[in-house]
Amino acid sequence: MTAPLAFPDGFLLGAATAAYQIEGAVHEDGRADCIWEPFSATPGKVVEGHTGAVACDHYHRMPQDVSLMRALGLGAYRFSVSWARVCPDGRTVNPRGLDFYSRLVDELLGADILPWVTLYHWDMPQALEEEGGWADRGVVDRFVDYALAVHDRIGDRVRQLTTLNEPWCSAFLGYAAGVHAPGRTDPQDGLRAAHNLLLSHGRAVSALRERDPGLELGLTLNFTEMQPQDPASAADQDAARRLDGLANRFFIEPITRGAYPPDVLDDLGELWPRDLVQAGDLETISTPIDVLGVNFYASSMVTGPAPEAAREAARQARAHDGPSPNVGSEHVVTVRRGIPVSDMGWEIRPPALHELLVRLQRDYTGPAGTRLYVTENGAAMPDVPDEEASSTTRTGSPTWRAICGRSTARSRRAPTSAATSCGRCWTTTSGPSATPSASASSGSTTTRSAASPRRAPTGMQTSLARARSASAGWADRLVALRGSPSRAPR
């Protein structure tokens, strides 16, 4: 009989959200439009015309939602602050907006849950977008002012601050492909947005550290594995290199090495704005960080033409095939492998997360002395009520076995600090060095410290103990806890 799967000692179980995903109340207590309001109101941009106007109604149900987290035994909650709620016009601080996050932090601490704050999860104030958005260098000063305003209100109780979540999405899905807000489709705007996002991160880290040296600061990047369809093909190797460069190395290397990857700049060619990087920018972007958040969901296999034909193929793709987030490499094609996929259609290759963590530690965070946290991973599945379902029937499916696949590479070195997660749940462990051990999370391998692990704060330990002792029947309790909405004071 298979032994029960369990998290090792020292793991911290948490959950993560984004403000626009859950808060609702988009025009209450001084909040103004963010870039998602006009985007979601544009016909055809969002499935069935959905908006964040109500969402999960977290703004009104926040105490009940924290009760749900406590009942689940979560030790941490990674949430984002709405820039449009705190600075509705992008400049002026709205005290009522900050009050909501102050109440949230107090509620979390009262439940022994660690608050982990993300300053930007894709919801720029629309007023700043109308001034040029992330493609305009002037936004950097506005972001630093906003970051300091948030710290001034909750920094006495929040010690973990993340500047950005997934800048690849903000820049290339929002400004090049047009499938995220603000919906622009200019490749050069995408590149300008990417650089200004990184510059904003570096400036904010410097300003926050100067004001409060004890903060734990970093950012969260999304990574995607890129495999060549034919490893022996120079064409397919070039295709994988190109997308790995733009999706992964384009962000991590200026942060940890102080330079954009030369091969990616060569791929971009004439698309790269010659006036974009100014003196001192890369030094600012590479301001040391304490932690790197890792978001990982998918593996991809790609193919492309011969390297010598790639530049012309990319030019033709830009001219004739429509907008793409793969700026400078729009010609690269993703190939389906017939392996299990999530409900998003993303392919599941269980060893990929472990391999990514080892790569990051070896090439980037290890030399820099930066701790790793897996802040998001997992798989979206079409969950439906099923009274007859049991853990046995669920885990017996081929997809579930793929998600929960165990790595056999137990002896390989893994990151100094690491985490695993499922969907929006995540756990962390840390120590001077670590070796892999299996986890039931999204096909990942987790790490157990090879030396004495750093002790978690008391609240984390208490929540973890609660998670371990949670009994059956919790779902009924959660329904009761959610109850009817309460209205936040105005």
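I began with Asp189, which counts as buried because its relative accessibility is 16%. My cut-offs were these: buried is under 20% relative accessible area, exposed is over 50%, and partly exposed lies in between, with a 1.4 Å probe and protein chains only.

I noted that the model is predicted, so local features need pLDDT of at least 70 and side-chain atom pairs count only at pLDDT 80 or more, while totals for chains, interfaces and linings use all residues. Residues are numbered from 1 along each chain as its sequence is written, and side-chain values use heavy atoms, with hydrogens and water left out.

**Salt bridges**

I looked up the partner of Asp189 next. The side chain of Asp189 meets that of Arg184 in a salt bridge, at 3.1 Å from N to O. The term requires a side-chain nitrogen of Lys or Arg within 4 Å of a carboxyl oxygen of Asp or Glu. Side chains of opposite charge can pair when their charged atoms come close. I searched the whole structure and got 35 salt bridges.

I then checked Asp244. Its salt bridge is with Arg249, and the closest N and O atoms are 3.0 Å apart. Both Asp244 and Arg249 are buried. I also found these two in a network of salt bridges that links Asp238, Arg241, Arg242, Asp244, Arg249, Asp263, Asp267 and Arg359.

How far apart are the closest N and O atoms of Glu270 and Arg318? I read 3.8 Å for this salt bridge. The pair links distant parts of the chain, 48 residues apart: Glu270 is in the loop between α11 (262-268) and α12 (281-285), and Arg318 is in helix α13. Helices here are DSSP runs (H or I, at least four residues), as are strands (E, at least two), numbered from the N terminus. Glu270 counts as exposed because its relative accessible area is 52%. Arg318, at 25% relative accessibility, counts as partly exposed.

**Helix α13**

Helix α13 (residues 307-320) has 14 residues, which at 1.5 Å a residue should span 20 Å, and its end C-alpha atoms are 20 Å apart, so the two agree. The expected span is 1.5 Å times one less than the number of residues.

Which residues of α13 are buried? I listed Ala310, Ala313, Ala314 and Ala317. These buried residues pack against α10 (234-257), where contact means heavy atoms within 4.5 Å. After α13 comes Gly322, with a positive phi near 90 degrees.

**Aromatic rings**

I turned to the rings of Phe, Tyr and Trp (its six-membered ring), which pair if their centres lie within 6.5 Å; planes under 30 degrees apart are stacked, over 60 edge-to-face, and the rest tilted. By this rule I have 22 aromatic pairs. Trp36 and Phe39 form an edge-to-face pair, 5.3 Å centre to centre with 80 degrees between the planes. They are about one helical turn apart, because they sit three residues apart in helix α2 (residues 36-40). Both Trp36 and Phe39 are buried.

Phe79 and Tyr101 form a stacked pair, 6.5 Å centre to centre with 5 degrees between the planes. This pair links distant parts of the chain, with Phe79 in strand β2 (residues 76-80) and Tyr101 in helix α5 (residues 95-110), 22 residues apart. Phe79 is buried, at 2% relative accessibility, and Tyr101 is buried, at 1%.
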